[in-house]
Amino acid sequence: MAHKLTKEEIRLKNPKYRTWGPYLGERQWATVREDYSYDGDAWSDFPFEHSKSRAYRWGEDGLAGVSDDRQLVNLSMGLWNGKDDILKEKAFGVTNSQGNHGEDVKELYWYLDNTPSHSYMKYLYKYPQGKFPYEELIEQNGKRSRKEQEFEITDTDLFKENKYFDVVFEMAKGDDDPDELFFRITAYNRGTETAPLHLIPHLVLRNTWAWGTEESQLAKPNLKKVDDYTIEVDHAKFGKRYLVFAPAPGYTEESPDVEPQLLFTENETNTKALYGQPNKCKYVKDAFHEYIIKQDKDAVNPDDVGTKACAVFSFEENGGVPAGDYVTIRYKLTKNSEEIDEYELDQVFSRRQDEADAFYWKVSPMPLSDELRQVQRQAFAGLLWTKQFYHFVHNYWSRGDPNTPKPPINRANGRNKDWTHLYIDDILSLPDKWEYPFFAAWDTAFHCIPFAMIDPEFAKNQIDLLVREWYMHPNGQIPAYEWNFSDVNPPVHAWSAYRIYKIQRKMYGVEDVDFLERVFHKLMLNFSWWVNRKDEDGNNVFAGGFLGLDNIGVFNRSEDLPTGGSLEQADSTGWMAFFSLQMLNIALELAKTRPVYQNIASKFFEHFILIADAMTHKNGEENDGVSASLWDEKDEFYYDAIRHSDRSTQSLPVRSLVGLIPLYASLTLEPELLEKFPEFKKRLDWFTEVRKSIAERNIASMEARGVGERLLLALVDKDRLVAILDKMLNEDEFLSPYGIRSLSKYHQDHPFEMDVNGQKYIVEYVPGESDSGMFGGNSNWRGPIWFPVNFLLVEALQRFYLYYGPDLKVECPKGSGDFLNLAQCAQEIQHRLMHLFLPDENGNRACNGQNTRLNQDPLFKDYVPFFEYFDADTGRGLGAAHQCGWTAVVAKWIHDNGASCRIPKTPRTPNKRRTSVYLHDSENLKSSNDDDVRQFYPKSGPFPGNLMRRKSGKSLLNLTVHALDLDEEEQENHSKLSASRKLKDNGVNISDEVLREQFDELGPTLSRGSFESNHAVDQDLLDQIKESFLKFRMKEDDDEVSGDEFECKKF
């Protein structure tokens, strides 16, 4: 019998639930899109200081932003503590030139929760009560060298004595209407003294009317005041909507409500302030800053109309918010202007969080620890929060808009001049909405893995878009990222598409063959581009440039070599072999229902064999006489090589990921599958007969098959696999306590040096931030841990295990005396990477470094940061602090192997991989009854959405149940008496029967967050969880890796 869908799964089938989400940017300033300079210096052309006063052309930004899917109507959060010189409307950070390791956001915020339909969203911002240290952050970071750690806001005195507010932003969608949006902001004073606070929710209409483009032809949208609590939104796309505010309750039951003050202005540039030129209109973008901070009462429109509005809630009475107390504001965006029922609004939040808990429990129904489940939940939250509307039309960007001055000749120093076809206006998954507020092609491929677990339709959409004709170049190249669309990223999109397809089939029982076929056609164009553009001599050995690995090479791999000649790249060639096998996999999958694809499958089979032979053996035929092998027989490792004009080659013996990437290119084929594809088998047999020597060198065990009679296609044979793993699983080389390093630790004592024309080039082991400025200096591939490459290495080991089975064992770690099969090695690496985020026995998370506040402070320790990369020795998070895209692949590992993960810094227990130290007596889960399941019910994370909060005195219903704010152990009679007394004080008579009805309806909110009180968890869901528990218990260790997600299986 088919199981019921959760409420969230039902929503995802309705496209209307995707209209509103966290699609507002976090940094629009200093992006390439907004850069109209002659030299392409985006950081200087649109600095942070201009952002409050200058209208954006291509998007909007803000704190905790929500918008529609075209970013036409934008809602965000503004703050002021009474001391800052700048109204806090967006996050601040240092620019690429100001930071000692490039650009870096200098704020404290976390994405705590989100659902794929964005039915519930939660965000935490820590707002200092003291003056924000803009100048100090710039000055101190500027003083530090590349060898020093960055100066962070936690290094200032701002957070001493907890003098800050925890500002929690929440958004929930209505029960039946996805366009009904409810908002709640709660600010907690964590300090020991009373402190003032102004909560200022913003409503901004993206400026579409000033440029003279197609959008400008529509009627100009506008905002206007309806009454003291209501703003009318009139937009051509949405018609009329209303932003309705409730009064905020005071600090105590006796305190008066805090009323909102509505302000209006225009979303237009203050040209007078920026350029000394007259403004086009009287009221401009920075009006709220001028009004609130500079007390300029003439800055806002007294007619209460405009295209930018806000509501100011000022908590200043008696000095502000009392120490240890909190304040709450509530508002909604709705199709009618009815006032807010505060109790029903809070009930909506409780229901949405209950439904979110049920959905994520179904996604990961394994017996996971609370800590692991919170890491996974926050990884999913960050992934979903970093979706953004991305708008870029090359024609208008390069040539200028009809209503604006023409940009300089050789616009932005010729940047992206070959990408004139680009027309982008989509919701995209970004790497980091502040540090990397643009799509990055190979990042996206990894984002789609965790997305496929929770929202496979969105994952498929992302791959679909990248290969559509308004993204992909007519020559077949996929755009890399906006700083240089022509940079070459690894060809991982075929792999990603196939993994999405397989994950959706495994988790949701859906086989979307149409998606697979659609992207396959476009990816063949991309494959042809690689073959035609990156194989210079046509010998199946590829170049490619930096390939996303920034500074990993001896030279800048995106530039001409100082030695002359060309670089033959082990990673580029490995990537192309990997690409060939993934295309082969997809072709065979399609051939199940469309036999014509057998012929195409044979094409990619032959491509792989020829690439493998060229990379690993002689150049093509054995009698060629010129060695093009990138395999070093002495070191037993793959290295890049320089091919000089005289055809000689010079190896560059650097032990880096470049030499591990060839492991990715592996594929197992079941014999039953080959029998089902006679045309493909016929071609394979022909090739192995006619090109016998090549086939024997590159198809493992044509005669002696592997486990299940599988056939293995791989760049490495068994001997080379074991030789590479000897280094990869050595803690003195690649194996870190937290995963696989990007450069071997061997180079710490043995740096590689090369002198070229008097200039010395050095590659040495640098486990932390980069010590050079190559590629901006804000990333480092000469040591640190990176999730995407580790993810593919783990999968490679799992694929090899499918062929070699449990009998092939290697020492892991080397020198430990423990011999593990390849599936166990893969699991060990996964656990080490999970350990980055889990607290050890002392409560410290490696990703937080040695920061005592982040690790031990009860108000910090539960928040998990997802950094771009990690220190290879300590695990400290590095680079972008909210790289919630590819680092979120940890959610997949937690789903697959979290139940057996041990506590960090504790020894591995051999032969007990199915039991986690974290689990609550999980060995008792033999029968998986309801009591067993209860202990693994997802616990509410930080700031549960169902917390009871004070209500204003405006609504009589609010007064009726005001006593619910009391401790839940208070007697009902006391609560009823208290509420009744308030009613009588206000001249209202109400019967006990009515009171009882109201209490019965609202009572459950007191106990939500427990197993019993979550009405979204029904018996059907419990049965599904129990089934998963039983399957988990029944699995044998040898079942740890299944080919379901990697192989094209038989019919």
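Leaving aside its neighbours within four places in sequence, Asn855 touches Gly843, Asn844, Arg845, Asn848, Gly849, Gln850 and Lys861. This residue belongs to a predicted model, in which the protein chain has 1051 residues, 65% of them counting as buried. The secondary structure of the chain comes to 30 helices and 35 strands, and among the contacts with a separation of 6 or more, 74% are accounted for by residues 24 or more positions apart.

**The surroundings of Asn855**

- Asn855 is found in helix H24, which covers residues 852-856, and its relative accessible area is 3%, so Asn855 counts as buried, the cut-off being under 20%.
- The side chain of Asn855 makes a polar contact with the side chain of Asn848 at 3.2 Å, and the side chain of Asn855 also reaches the backbone oxygen of Gly849, again at 3.2 Å.

**Salt bridges**

- The structure holds 76 salt bridges, and one of them joins the side chains of Glu355 and Arg11, with an N to O distance of 2.3 Å.
- That pair links distant parts of the chain, since Glu355 lies in helix H7 (residues 342-363) and Arg11 in helix H1 (residues 7-12), 344 residues apart; both Glu355 and Arg11 are buried.
- Glu266 and Lys220 also meet through their side chains in a salt bridge, at 3.7 Å from N to O.

**Packing against helix H15**

- Helix H13 (residues 493-508) packs with helix H15 (residues 570-591) at an angle of about 40°, their axes being 8 Å apart, and this angle makes H13 oblique to H15.
- The crossing in which H13 passes H15 is left-handed.
- On the side of H13 the contact is made by Ala494, Trp495, Tyr498, Tyr501, Lys502 and Arg505, and on the side of H15 by Phe578, Phe579, Gln582, Met583, Asn585, Ile586 and Glu589.
- Helix H14 (residues 513-534) also packs with H15, at an angle of about 150° and with the axes 10 Å apart, which makes H14 roughly antiparallel to H15.
- H14, too, passes H15 in a left-handed crossing.
- The H14 residues that meet H15 include Val513, Leu516, Glu517, Phe520 and Leu523, together with Met524, Asn526, Phe527, Trp530 and Val531, and among their partners in H15 are Ser572, Met576, Phe579, Ser580, Met583, Ile586, Ala587, Glu589 and Leu590.

- In helix H20 (residues 718-728), the buried residues include Arg720, Leu721, Ala723, Ile724, Leu725, Lys727 and Met728.
- At the start of H20, a side-chain oxygen of Asp717 comes to within 3.2 Å of the backbone nitrogen of Asp719.
- Helix H25 (residues 890-897) is mostly covered, with seven of its eight residues buried, and these are Val890, Ala891, Lys892, Trp893, Ile894, His895 and Asn897.
- The elements that cover the buried residues of H25 include H7, helix H8 (370-385), helix H11 (441-454), H13, helix H22 (787-804) and helix H23 (822-834).

How values were computed
Residues numbered from 1 in each chain as written. Predicted model: local features only at pLDDT ≥ 70, side-chain atom pairs only at ≥ 80, totals over all residues. Heavy atoms only, no water. Salt bridge = Lys/Arg side-chain N within 4 Å of Asp/Glu carboxyl O. Helix = DSSP H or I, 4+ residues; strand = E, 2+ residues; numbered from the N terminus. Buried < 20%, exposed > 50% of the residue type's maximum accessible area, 1.4 Å probe, protein only. Polar contact = N/O pair within 3.5 Å; in protein donor to acceptor, adjacent residues only side chain to side chain. Contact = heavy atoms within 4.5 Å. Axes fitted to C-alpha atoms, helices over the stretch in contact; angles between N-to-C directions. Parallel < 35°, antiparallel > 145°, perpendicular 65-115°, else oblique. Left-handed = near helix turned anticlockwise from the far one by under 90°.
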